[in-house]
Structures are given as structure tokens and as C-alpha cells.
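Subject: Structure for your review

Dear colleague,

Please find below the structure that I am passing to you. I would be grateful if you would read the notes that come after it with the model open.

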Amino acid sequence: MFKVLVTENIHEAGVALFSAAPDVKLEQKVGLSRAELLEAVADVDALVTRSGTPLDGEILDHARSLRVVGRAGVGVDNIDLAEASRRGVVVINAPTGNTLAATEQTLALMLALVRRLPQAHASLTAGQWRRKDFMGRQLHGKKLLVVGLGRIGSQVSIRARAFGMDVSAYDPYIAPARAEKLGVALLDDLQGALSLADVVTIHVPLTDETRGMIGLRELKSMKAGAYFINCARGGLVDEEALAALLREGRLAGAAFDAFSVEPPTADHPLLAPDLRDRVVLTPHIGANTQEAQSAVAEIAATNVLAALRGEPYEHAVNLPFMESLLTGRKRRYLSLARKLGILAANLLSGAPRQVTVTLRGSLFSDEDERVRFELPYRYSPYTVSFLKGFFEVHQGPEVNYMSAPLLAEDRGLSVDEAKGEATTYNNLIEVRVSDGDGDVSMSATVTEEGKQRVVGLNGYWIDLVPEGRLFLFSNHDRPGVIGKVGTMLGEARVNIANFALGRRNGSGLALGALQIDHDVPVDVLERFRADPDVLWAETVVFAEGI
Ligand SMILES: NC(=O)C1=CN([C@@H]2O[C@H](COP(=O)(O)OP(=O)(O)OC[C@H]3O[C@@H](n4cnc5c(N)ncnc54)[C@H](O)[C@@H]3O)[C@@H](O)[C@H]2O)C=CC1
Ligand SMILES: O=C(O)CCC(=O)C(=O)O
């Protein structure tokens, strides 16, 4: 039975899916204090939230059984993604469900702002009839700047163009072709773009990069008499600076649906009584339509249930890739990369400083492995899998695909990736990892029959099956060493299943790799290491099922 806790009001469409699930025990507790939330999360498998439940490290610490967080909406800035990832908690959002609701709210705010509808309404309902006081501006022919041309920004652009607006956008992360298709001019300089627009609307997520991206400098770059709309997130815009520019009359008006503190306190700069004529403010209701709420709740519930049940699901925001979407062949390489990580962690003597993963061959050239993890962890699945294997040797099996890139970051391990042409093998993964003093290099492939092979180790060509228990050593290439290995293992009653040797011509050194059926006793290993012909020796164990 999965215990699912819903901490906010989500639409009945989502609640019904949980209630109907025979394997779910549903609890809905809305408006919990922090102390109550800490207690309530203790034994839940999944949490479902909207934007009002902050999920930070402390709460995640209390949620010991938590595996999935479902966010019935888009923005996940209320969830500490890194902390969730470190604990192996998958965060799933519902990015498509409320796009049109937020779009329509933006247009509603824009119209309300330029025609001063809330002020006119308030005046009329107060018994006044002041037609000449409510002289507005028309949108037709005006320049609109859309900051963030994603789902909502695109839909806003389409509608603004239908109003006869001249639309441009600032979004360094989208393809120019996309803007072109929308009939939107893509500008690459934010300050310059701001200076041209009559109306600016922002639709970016709140991230470390975007926090405060519209500060005093940016607001001052805006055209005199322009309008600013924020139907995205508080924290993107310096509200204090905006209020000051509105007060000076430099900007004509601002409409906000989201605030840096929600609900905003009475002394919030945009709530100042002298600005009431110039602002339109709504209490974060951009996604509040029946249709959007029903859609996001259903999307979130469906995917949370699938994730709990181990079935394929969509919209995980902190998973570097979906293993189930990779082909069988790619999954063989994924597991091979993890084994290279295990091998490297056993062979490297110091703390890792730098790793380079090079993928060679056509298997790695397509784009279906697009990494969706938050910046700066946009690594290929194979790099992530290598890191997982590497860290699990010393950190234990709880290291997962989400936490592995974070562990690299935490430990100051610099990760580089490269792609290249294949040569001897159709596809090949090469890894070099260094600890500052020395390094370990490996290359590995999967044969046509699907067999994994390590074909290069520290510059030696070798043919090593990375399975079960391995005994690896490097030695002076002199007669008698192989005999000593056989005698030593025989005396310790360790059976040899496979024996691979590599030589580097002219080096006078050789490398041996044996597959063995049992562990080598520690004293036997130490005696072998002490042999003057032996440079180093290690045993490596690959758990079954990797
Ligand atoms: N007021 C409300 O109730 C709602 C607010 N939102 C907010 O709107 C945001 C946008 O939602 P979607 O359009 O669905 O997201 P999206 O992910 O489709 O679009 C975001 C766009 O911002 C761009 N971007 C990221 N960093 C940028 C930067 N530094 N400068 C310029 N562009 C940048 C991205 O490239 C992307 O194209 C959400 O993250 C959420 O915070 C979403 C739904 C409802
Ligand atoms: O879910 C909410 O409470 C608001 C919607 C929103 O801001 C979002 O989806 O990012």
C-alpha cells in the first residue's frame, strides 16, 4: 500500500485517481503548519503539492519513505530539487496543464492594465461615473517583449500578435527557428530588448540564474511610459525598484500575479496606497481555471501513481534521463558505464579530481537521450551512470542517477564530456579519471552479441568481461609471474574462471585481469602485493544485476 499525502487543494480529477487506486492510502491535509507538515510526511511514499508547500531539506529529512513528489503545476521553485535528488526522490510536475490558463491571465492583466479596468470598476461600484478619468492605451501597434519564450511565452505571443502587437522575445535557450515560426523577433540582448518595448511580460522559471534578473538596471532600461507584467514568479523582479519607478512616473504601470513573498505583507512595495492607480494585482491565480486545475491534478496524479508502481511516467524534473526510454543496446552501455565507474573507484588511489567521458560511435550521436536535469548537470546518461558506479563503491548503493552528478559537484570533481568517431569498435566508451597524482583510463564496448567487454585499461589492450569478481594486477613483464598468481590462488582455493593479459610493447610491464569464483583472502592479497614483481593488485566485485 502506498501512502500518498496531498498538502494543498488539488482538483477532484486528481483526488479521484488516488481514491480509486486499490494500492493507495490517500490523506489530504491542507493548511498544515510547518510542525504539522514535518510530522505528516514521516511515513508517506508520495507527496502531492501546488506552489504553497515549501519542501526543503529538513522536511525531506523527515520524509524517510518518500519516493515521489508530484507538483500539480509547473514551477518547482518551492521544492529543493538538489536535496530531493540527493535522497533519490523523484520530482514530477504537470507542465502542460495550466499553460493556457496562465496565458489568458497574462492577457487579462495586460488589458486590465492598459485600460485600468480594476480602477474603473472600483470607481463605478463606489457610485462614481468618471468616464474621462479612465483614458487608456490600445495594444494594437504596440511593441511587446516576452522574456522567456517557452510554453506560456509562446501562447502569449500568438495572442498578442492577434491583437496587432509587434512581438519580440528574449530567451537565450530556444532555437531561433521556434521564434521565427511564431512570428516573433528573437533578441539577444536583454537591456536592448527592454529599451524597445511598450509592454514587457516575463515567463521564465525561478532558478538560481533567473532570480533577480529584472533589477533596477533592467527596469531603468525600459522605455519611459512602458508597462511590466509578471505572471510567472516573485523573485524574478526587484519589486522595490519597480515601485520606485512607478512612483516617479517613469513606468506607466505594472501587473503582478506572483510575489516574492506570498501572500505579500501589508508593507509590500506594490501595495503602497499611492500606487493603486498604476497597478493591477492578483493573488497568484494564473492557473486557477477549472480546466487547468483539472488537467494539472490529473497529470500529476497519473504520473505519481505510475512512478510509485514502477511503471513508465512523464515529467520528472530531476531525473537526468529515463532509463526505460533507452533502447536495449543503450541500456547495455549504460550498465557498462556504471561498471567502469566501479572499476575506476577501485583502481584510483586518491580522491578524484577530473573525469572525462568520451562517447565514440553512431549509437551516441542521436538526440533521444536529451538530458532534462536542471543546469548545471546536463550530462549524458552514460556519464551519469559512470558517476553512479564510481560513487557507489565508497558511498553505498543509495547513490542514484539523481544524486551522482550532485556528489561530483559536492566533491569538486570536474566532469568533461566529449564525442568522437569510432575506430576499431563500432561504439566505444572511453573514460579517464585522475586524482591529481595519477590516473586510470579505460575503454569498453558491447559486442554484436550484446556482451560487455573492457578492451583497454591504463593503456593496455585487454579483453576483460566486467562481471562477478575480478582480480587485477600490474607486474614487471618477467617469466614466472603468472605461475605465482596461479599458485597463490590455488593455495587459497580460489578458482579462476577467465584470464586476460595485456602487454605494452617496450614498457617492460604487463597487466593481468582474472575472473575468479571466490574472494581472495586479505592476507593472500597482501602477500601478492609485497612480491617484488608486482606493482599493484586489486579485487573488484560487480554486484549481480548491474
Ligand atoms: N502565475 C501562475 O499561476 C503560473 C506561473 N507559472 C510560471 O511560469 C513559468 C513559465 O512556465 P512555462 O512557460 O510553462 O515554462 P517553460 O519551461 O515552457 O518556459 C520557460 C522559458 O524560459 C526560458 N528561460 C530560462 N531561463 C531564462 C533566462 N535567463 N532568460 C530568458 N529566458 C529564460 C526557457 O528557455 C524557456 O523557454 C513557470 O516556471 C512558472 O514559474 C506557470 C504556470 C502558472
Ligand atoms: O499551482 C499553483 O498554485 C499555481 C500555479 C503555478 O504557479 C505554476 O504552475 O507554476
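Predicted model: local features only at pLDDT ≥ 70, side-chain atom pairs only at ≥ 80, totals over all residues.

Ligand 1

The shell around ligand 1 consists of 26 residues, and the closest of them are Arg 151, Ile 152, Asp 171, Cys 231 and Asp 257. Sorted by class, this shell comprises 14 nonpolar, seven polar and five charged residues.

The side chain of Glu 209 places an N or O atom 3.2 Å from a nitrogen atom of ligand 1. In the side chain of Arg 233, an N or O atom is 3.4 Å from an oxygen atom of ligand 1. Gly 286 contributes through its backbone, where an N or O atom is 3.4 Å from an oxygen atom of the ligand. Ligand 1 taken alone exposes 860 Å², of which the protein buries 89%.

Ligand 2

The residues around ligand 2 are Arg 50, Ser 51, Arg 71, Ala 72, Gly 73, Val 74, Gly 75, Asn 98, Arg 233, His 284 and Ala 287. By class, they divide into three nonpolar, five polar and three charged residues.

Arg 233, already mentioned for its contact with ligand 1, also has a polar side-chain atom 2.7 Å from an oxygen atom of ligand 2. A polar side-chain atom of Arg 71 is found 3.0 Å from an oxygen atom of ligand 2. From Gly 75 it is a backbone N or O atom that lies 2.8 Å from an oxygen atom of this ligand. On its own, ligand 2 has 290 Å² of accessible area, and the protein covers 90% of that.

Glu 8

Glu 8 sits in the loop between β1 (2–6) and α1 (12–20). Which side chain of opposite charge is nearest to Glu 8, and how far away is it? That side chain belongs to Arg 50, at 5.0 Å. Glu 8 is buried yet has no salt bridge, because a salt bridge requires a side-chain nitrogen of Lys or Arg within 4 Å of a carboxyl oxygen.

With kind regards

Key. Residues numbered from 1 in each chain as written. Chains lettered and ligands numbered in written order. Heavy atoms only, no water. Near = heavy atom within 4 Å. Polar contact = N/O pair within 3.5 Å; in protein donor to acceptor, adjacent residues only side chain to side chain. Areas by Shrake-Rupley, 256 points an atom, 1.4 Å probe, with all protein chains shown as cover. Nonpolar A, V, L, I, M, F, W, Y, C, P; charged D, E, K, R; others polar. Helix = DSSP H or I, 4+ residues; strand = E, 2+ residues; numbered from the N terminus. Buried < 20%, exposed > 50% of the residue type's maximum accessible area, 1.4 Å probe, protein only. Lys, Arg positive; Asp, Glu negative; His and termini not counted.
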